[in-house]
Amino acid sequence: MSAAPRVYLAGPDVFLPDPLAAAETMRAACAAAGLEGVFPLDAALVRRQDEPLTAFAARIRGANLDLIRGCAGVIANVSPFRGPSVDDGTAYEMGFAAALGLPVFAWSSDTRSLLARTRDLIDLFAHGADWRDAEGMLVEEFGLPVNLMLVDPATGPVHPHFEAAVATAAARLLAD
């Protein structure tokens, strides 16, 4: 019997008050679907005595990229984080995985369009058919909950919850 496909669990869940409890819940859902969940904190790095924070940050980054390299796909939490958009670290991990040719399965607790989420937080004004912010910058509107670069039609839409992304990932990765 072959090992379960490994999936990297990207998202701001590492910043929760108890990220390890969240990781265990996500791992259990993955296991029930035939996948092995890999959480960013699995590298269990500890800052070395007198290690500069920038050096520690570089080790964390390298360890997480190595974890992604060892996976068959990524399940990414693209829920709004400190604003209307996805956590920037998660977006980077998604792009890194895509560059490696790994499928990325996104989910969000808020699947409203990016425009709707942005309008709730920032004053926008209509400019013809477009919406712009106070600096005149366009807010894209494709009806997607995230920037269009984060959505891959091959892996489905942004799923409305983690379990739906897991089910889609399992269907794809276990069929390969």
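We start with the ground rules.

This is a predicted model, where local features need pLDDT of at least 70, side-chain atom pairs count only at pLDDT 80 or more, and totals for chains, interfaces and linings use all residues. Residues are numbered from 1 along each chain as its sequence is written, and side-chain values use heavy atoms, with hydrogens and water left out.

Now, two helices. H2 covers residues 53-69, and H3 covers residues 88-99. Helices here are DSSP runs (H or I, at least four residues), numbered from the N terminus. The pair packs at about 45°, with axes 10 Å apart. Axes are lines fitted to C-alpha atoms over the stretch in contact, and angles run from 0 to 180 degrees between N-to-C directions. H2 and H3 are therefore oblique to each other. Under 35 degrees would count as roughly parallel, over 145 as roughly antiparallel, and 65 to 115 as roughly perpendicular; the rest is oblique.

Who touches whom? From H2, Arg61, Asn64, Leu65, Ile68 and Arg69 meet Tyr92, Glu93, Phe96 and Ala97 of H3. Contact means heavy atoms within 4.5 Å. By class, that contact has five nonpolar, one polar and three charged residues. Ala, Val, Leu, Ile, Met, Phe, Trp, Tyr, Cys and Pro count as nonpolar; Asp, Glu, Lys and Arg as charged; the others, Gly among them, as polar.

On a 1 Å grid over the protein atoms alone, a cavity is a set of points where a 1.4 Å probe fits but cannot get out. A pocket is an open set with protein on both sides within 12 Å along at least five of seven lines. Lining residues have an atom within 4 Å of a point. Volume is the space filled by probe spheres set on the points, which are joined across faces, edges and corners.

The largest pocket holds about 320 Å³. It has 18 lining residues, with Val14, Pro40, Leu41, Ile60 and Asn64 nearest its centre. H2 and H3 are the elements that give two or more residues to that lining.

The second largest pocket has about 150 Å³. H3 gives the largest share of its lining, three residues.

Back to the cavity. The whole structure has one of 30 Å³ or more. The largest cavity holds about 40 Å³. Its lining includes Met94, Asp152 and Thr155.
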